[in-house]
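My plan is to look things up one at a time and write down what I find.

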Amino acid sequence: MSTTPTPAASVLLESLRGIVGPTHVLVGDDLVAPYVTDWTRRYSGPCVAVVRPASTLEVSSVLAACSAAGQPVLVQGGNTGLVGGSVPASSGKAPVILSTRRLSSIGAVDQLTGQVTAGAGALLSAVQDAASAAGWVYGVDLAARDSATIGGTVATNAGGVNVIAYGMTRAQVVGIEAVLADGTVILHLNGLLKDNTGFDFGSLLCGSEGTLGVITAVRLRLHHPHARTSLAMVGCATYGDALALMSASARRSLLIAAEMVDAIGIELMDSVLGIPSPLASSWPVVAFIEVADGGDASGLPLNDSHDAVVAFDAGEQARLWQFRERQTEVYGAKGICHKLDVSVPLSRMEEVLADLGSLLRDAPTVEFYGLFGHIADGNIHVEFIGPAADDVEVDHQVLEVISRYSGSISAEHGVGRMKVDSLHLTRSAAEIAAMKAIKDALDPAGLLNQGILFPTA
Ligand SMILES: Cc1cc2nc3c(=O)[nH]c(=O)nc-3n(C[C@H](O)[C@H](O)[C@H](O)COP(=O)(O)OP(=O)(O)OC[C@H]3O[C@@H](n4cnc5c(N)ncnc54)[C@H](O)[C@@H]3O)c2cc1C
């Protein structure tokens, strides 16, 4: 919903209309509705207005006007974030939502360097398509590709299915343009691979979740595509078997992706979407292993004892990938889903998963739960349904288990609003203080993304 403007807010809104044009300042419940509730439906809050600038200059002017008025601002890309960071808080001073979706330009691919510059509002899939049309591949891929923006993926340092091959989003960023809370523009898009001239703002802004500045454009590194890849969907008796299969595949071929879904997730694909598993039996764990440059027919270490389906062409691979990619969707269809994205050392993965299993099985409020994720990265998505949207008791218990195993409470989705109170489980007091000092230096009035990553002052 949008708040009823105070006289001061009305003056600010008039000035924002002068900057972006009246049709790009959205006020009123119907118009702001798509921007104020997040993808999980667990987080929602009021805003003063949604403002949709179309250029870096307009972003700068909007931030300068809000800064002068002491008006908090929340940055939003595709609103696919899963930790409540993309929408306003339910209480506190309502922000202006700055939507980056109109900053959607994508430059020509530079064939010499294998780089491209994209506006922050360009969709991830549009950047992938532009890279592919020019004979390259962009190294980040995730199921929300048709809604998530490049700016959002940089702000959250998104991971996805190809991290094992190409690294997280931070590894793709070779230049950045961003606007600080007071409207100052920081421009460093030249894409030099060697440039040791002080702080790397691209790295700093990766994973900053909109707390340090609004990313307006990014220079991205691209990769050479693999001529041919093989994808296997394989039934496994244990998580240990899935890990062993991944490890054997990596010794034999170039690993492009290694994912897993448990039996509950595979069953939900059938019961929610009517898509039955192509495997002969039901298995406790199903692994998805994609390799490139294999020496023989598939490059995968499979034999006749495996219950497996192997796909070589893009259509068949997409048919198998949906069993992994649509997990977030099928859990979402069952109700308000608590989603925890954690990572643990690979060597402890089986123990952690056993502990999490007992915890969730015994939790009286949990109706059902499941696990899926990126096994190669030790990154597990823990999903459970039952507790009310604001009941975080089991969430905290899960994160405490992860902390005991020296894992991270957020592998790839970020901290957002969801994990602010648990940050100390993964980061030391000294680290949090250093992060806050950087935040205070770049946004002294604390106007950008209040309550995200750091508690509201
Ligand atoms: C079905 C589904 C699958 C997903 N799979 C994955 C996955 O595999 N891996 C993964 O990492 N994530 C995944 N996600 C989460 C989500 O897609 C990512 O976090 C994505 O990076 C968010 O991009 P966005 O444009 O939607 O950002 P938003 O949701 O709009 O914002 C996310 C955060 O970034 C900030 N932000 C957005 N744009 C900017 C900007 N231009 N400048 C500064 N701050 C900004 C926001 O303030 C917010 O704090 C998935 C989500 C869904 C719904």
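**Entry 1: an asparagine in a loop.** I began with Asn79, which is buried, with a relative accessible area of 10%. I note that the model is a predicted one. I then looked up where Asn79 sits: it lies in the loop between β3 (73-76) and β4 (96-99). Its phi is near 55°, a positive value in a residue other than glycine.

**Entry 2: another asparagine.** I turned to Asn157. Its phi is near 50°, again a positive value in a residue that is not glycine. I found Asn157 in the loop between α5 (150-155) and α6 (163-166). Is Asn157 buried or exposed? At 10% relative accessibility, Asn157 counts as buried, because the cut-off for buried is under 20%.

Entry 3: I went back to β3 and β4. The two strands run parallel and are joined by four bridges. Next I asked which sheet they belong to. I found an open sheet of four strands, in the order β1-β2-β4-β3, with mixed pairing. Its edge strands are β1 (25-26) and β3, and each pairs on one side only.

**Entry 4: a second open sheet.** In what order do the strands of the antiparallel four-stranded sheet run? I read the order as β5-β8-β6-β7. The edges are β5 (115-119) and β7 (185-188), each with pairing on one side only. On average, neighbouring strands of this sheet are turned by 15° against each other, direction ignored. I also checked what packs on the sheet. Helix α3 (residues 56-69) does, and it touches β6 (173-179), β7 and β8. The direction of α3 makes about 45° with that of β6.

β5 pairs with strand β8 (residues 214-221) in the antiparallel sense, over five bridges. Val116 stands opposite Leu220 in β8.

**Entry 5: a covered strand.** How many residues of strand β10 are buried? I counted through residues 254-262 and got eight of nine, so I call the strand mostly covered. β10 has a partner in strand β11 (residues 285-292), antiparallel, over eight bridges. In β11, Val286 is the bridge partner of Val261. β10 also pairs with strand β14 (residues 368-374), again in the antiparallel sense, over two bridges. There I noted Met260, which stands opposite Gly373 in β14.

**Entry 6: cysteines.** A disulfide is a covalent bond between the sulfur atoms of two cysteines. I searched for disulfides and found zero in the structure. Cys66 is buried, with a relative accessible area of 1%. Cys337 counts as buried too, at 3% relative accessibility.

**Entry 7: an exposed residue.** Asp30 is in helix α2 (residues 29-36). With a relative accessible area of 73%, Asp30 is exposed. I then compared Asp30 with Met1. They are 29 residues apart in sequence and 7.7 Å apart in space, C-alpha to C-alpha.

**Entry 8: the whole chain.** I finished by stepping back. The chain has 14 helices and 15 strands. Its C-alpha atoms fill a box of roughly 70 × 60 × 45 Å along the principal axes. For 457 residues, a compact globule would have a radius of gyration near 23 Å, and the chain has 22 Å, which agrees.

I looked up the totals for cover and contacts as well. Buried residues make up 54% of the 457 residues. Of the contacts with a separation of 6 or more, 75% join residues 24 or more positions apart. The chain exposes about 18400 Å², and carbon and sulfur atoms supply 55% of that area.

Note on methods: Residues numbered from 1 in each chain as written. Predicted model: local features only at pLDDT ≥ 70, side-chain atom pairs only at ≥ 80, totals over all residues. Heavy atoms only, no water. Pairing = 2+ DSSP bridges. Axes fitted to C-alpha atoms, helices over the stretch in contact; angles between N-to-C directions. Contact = heavy atoms within 4.5 Å. Rg over C-alpha atoms; globule rule 2.2 N^0.38 Å. Buried < 20%, exposed > 50% of the residue type's maximum accessible area, 1.4 Å probe, protein only. Areas by Shrake-Rupley, 256 points an atom, 1.4 Å probe, with all protein chains shown as cover. Disulfide = S-S within 2.5 Å.
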